[in-house]
Amino acid sequence: MKFLSSEQMRDVDQFTITKLGIPAMALMENAGRAIAEEVLRLGGVDRSKLAQHWLVLVGKGNNGGDGLVCSRHLADEGVSVTLLYAVPRDKLSGDALAQHRIVEALDLPLLEYVDDVNLEQSDVQRDAAAADKSGVVGREDLARLLTCGGYTGIVDALLGTGAKGTPRGVYADLIRAANRSGLPIVAADIPSGLDADNGAIHDPCIEARVTVSLAFMKAGLTQYPGAKAAGEVVVRYIGIPRALPPGMQAAGVLLTEESLGDELGIDVARRREADGHKGTYGHVLLAAGSMPMSGAGLLAAKAALRAGCGLATWALPAAVLPHVLGAVPELMLAPAGDSGAGAWTEAAADEVLRLLAARDVLAVGPGMGRFPGEDGFMRALWEGADRPLVVDADALGILARADGLARWQRRDAATILTPHPGEMARLTGVSTGEVQRDRLGIARRFALQHGVTLVLKGARTVVAAPDGRVFVNTTGHPGMATGGSGDVLTGIIASLLAQGLDDVQAAAFGVYLHGQAGERAASLRHNPAALIAGDIIDAL
Ligand SMILES: NC(=O)C1=CN([C@@H]2O[C@H](COP(=O)(O)OP(=O)(O)OC[C@H]3O[C@@H](n4cnc5c(N)ncnc54)[C@H](O)[C@@H]3O)[C@@H](O)[C@H]2O)[C@H](O)CC1
Ligand SMILES: [K+]
């Protein structure tokens, strides 16, 4: 499933209206109808329509217009609705104003929220409202209205993709009051207060039960904390063609079994050749582990085998080898240099490169630790490995400290970096918080700039390709937040590369399989907190 940024959504909107000639009011009609259907689905679970009363919060723009159409359809279904406007009715803009005239003609109950400052300043407005038999709600009344009004739930049609920055003034008041009410909220298009482009949330931001994303999934709904604020996301067709306008590339694609096949050409069934042999499925070389972090290497190597490569060799400091011999009998071990205490050395890079000549892919980093000469070691592999390279964990630390991306020769063969947000922060020189606030943008720019495939881990892992394409994973489980989980992912990705997938395919399918195995492993535990990384391998 494709997702779009707010700017792209505006372009698609404009293309549909001006180039195709589908009237904006028709799109708004479909949007409001779709939202109403989702409201009925949510509200109908334990109550009849006649027993329901929804409060619809209406902003001044087209998002508010969607809310007005929605309320009209709800009313037509026999559901009670009350409208609460964020602005005076005559301040609604464009099509929203046209929709207002319709609900006014239908005499739907209508309130206007006026914060106290405005109320004093505009008695005329208040009198006019009173004359209309429609109420004005001040700040004092707001909480009471929402908590004691007997509402079934709230429709948030305050701000959509046209919003900029933190919700201001009356919008902020309404969002806070809606959240405090404890009522279920259905958000029109996006939760008001969400940054539609990156998943960051402003203070305040609507905490929705359901979000009805119109026409396309929005980028901000794919990433946390926005994904949490959105609740269940339903994408609804509103008459905008599913095919993007000529020349437009989606902000990204959600990884599903369908998109792995359609967008990335991956055979998700993973058929094996009837006449295949172990040579058919490639040979992974792993450089990892040290005393006492040998387990990281074991996990990565075993995961590589379980992910289907024909053979796997684990290169490790010689002194560690006797301690892990036989732990995974299917695995080949190769001693590669040693400081004498089970640590890596700069010179070990020569041995790793010699081994790589007869293998298909190199994965480096898990459990490697820090060691004298690490800069030279990593540079030798970076510049010397003429095979696809997966860089993870401690190897990412070396890369960051050495400023290797700027100082070292650009690689010809494919390169996949698999940082978690903390490692990404070190690679980019910004804080972890800044990374998390714009995971999509930071990952995309980094991959483009450095010509690598970037896997930014964490809930909803982002895979950014060197050509600017972005994919977001949908599988996974919070139980996977456990030591060694990343080592398993590195093994899986290396294994897929060895089997002939390209860098972007291997990264995308790798995170998908890893998450799926994690889900399965979690489901096998009485409590998913008990999940450990080895369980993910077993579930592959
Ligand atoms: N998907 C589609 O093609 C369709 C989408 N529709 C809906 O339209 C909105 C986008 O509408 P737009 O009018 O561009 O903007 P908004 O309604 O989101 O709000 C803009 C409005 O709000 C004010 N504003 C902006 N930022 C703030 C802020 N931080 N605090 C307070 N107020 C703010 C600003 O003055 C603007 O006037 C989309 O999400 C869909 O819901 C169409 O209905 C159908 C086609
Ligand atoms: K909204």
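Trainee: In this predicted model, in which strand is the place of Asp156?

Mentor: Asp156 sits in strand β6, which covers residues 153-157.

Trainee: Why is Asp156 called buried?

Mentor: The relative accessible area of Asp156 is 0%, and buried means under 20%, so Asp156 is counted as buried. Among the residues that Asp156 touches, leaving aside those up to four places away in sequence, are Leu57, Asn63, Val186, Ser192 and Ile206.

Trainee: What makes Asn63 count as buried?

Mentor: Asn63, which lies in helix α3 (residues 62-76), has a relative accessibility of 8%; since the cut-off for buried is under 20%, Asn63 therefore falls within that class.

Trainee: How do you know that the residues under the UniProt annotation "binding site" cluster in space?

Mentor: That annotation, which comes from an unreviewed UniProt entry, covers Asn63, Asp156 and Ser192, and although these residues are spread over 130 residues of sequence, the largest C-alpha distance among them is 9.6 Å. Of these residues, Asn63 is included in the lining of the largest pocket.

Trainee: Why is helix α21 described as largely enclosed by the rest of the structure?

Mentor: In α21, 17 of the 21 residues are buried, so the helix is largely enclosed by the rest of the structure.

Trainee: What span does helix α21 reach from its first C-alpha to its last, and what is expected?

Mentor: Helix α21 (residues 503-523) reaches 30 Å, close to the 30 Å expected at 1.5 Å a residue. At the start of α21, a side-chain oxygen of Asp502 comes to within 3.1 Å of the backbone nitrogen of Val504.

Conventions:
Residues are numbered from 1 along each chain as its sequence is written. Chains are lettered from A and ligands numbered from 1 in the order in which they are written. This is a predicted model: local features need pLDDT of at least 70, side-chain atom pairs count only at pLDDT 80 or more; totals for chains, interfaces and linings use all residues. Side-chain values use heavy atoms; hydrogens and water are left out. UniProt positions are given in the numbering used here, feature names are shortened, and annotations may be inferred rather than shown by experiment. On a 1 Å grid over the protein atoms alone, a cavity is a set of points where a 1.4 Å probe fits but cannot get out, and a pocket is an open set with protein on both sides within 12 Å along at least five of seven lines; lining residues have an atom within 4 Å of a point. Helices (H or I, at least four residues) and strands (E, at least two) are DSSP runs, numbered from the N terminus. Buried means under 20% relative accessible area, exposed over 50%, partly exposed in between (1.4 Å probe, protein chains only). Contact means heavy atoms within 4.5 Å. The expected span of a helix is 1.5 Å times one less than its number of residues. A polar contact is a pair of N or O atoms within 3.5 Å; within protein, one must be able to donate a hydrogen and the other to accept it, and residues adjacent in sequence count only if both atoms are side-chain atoms.
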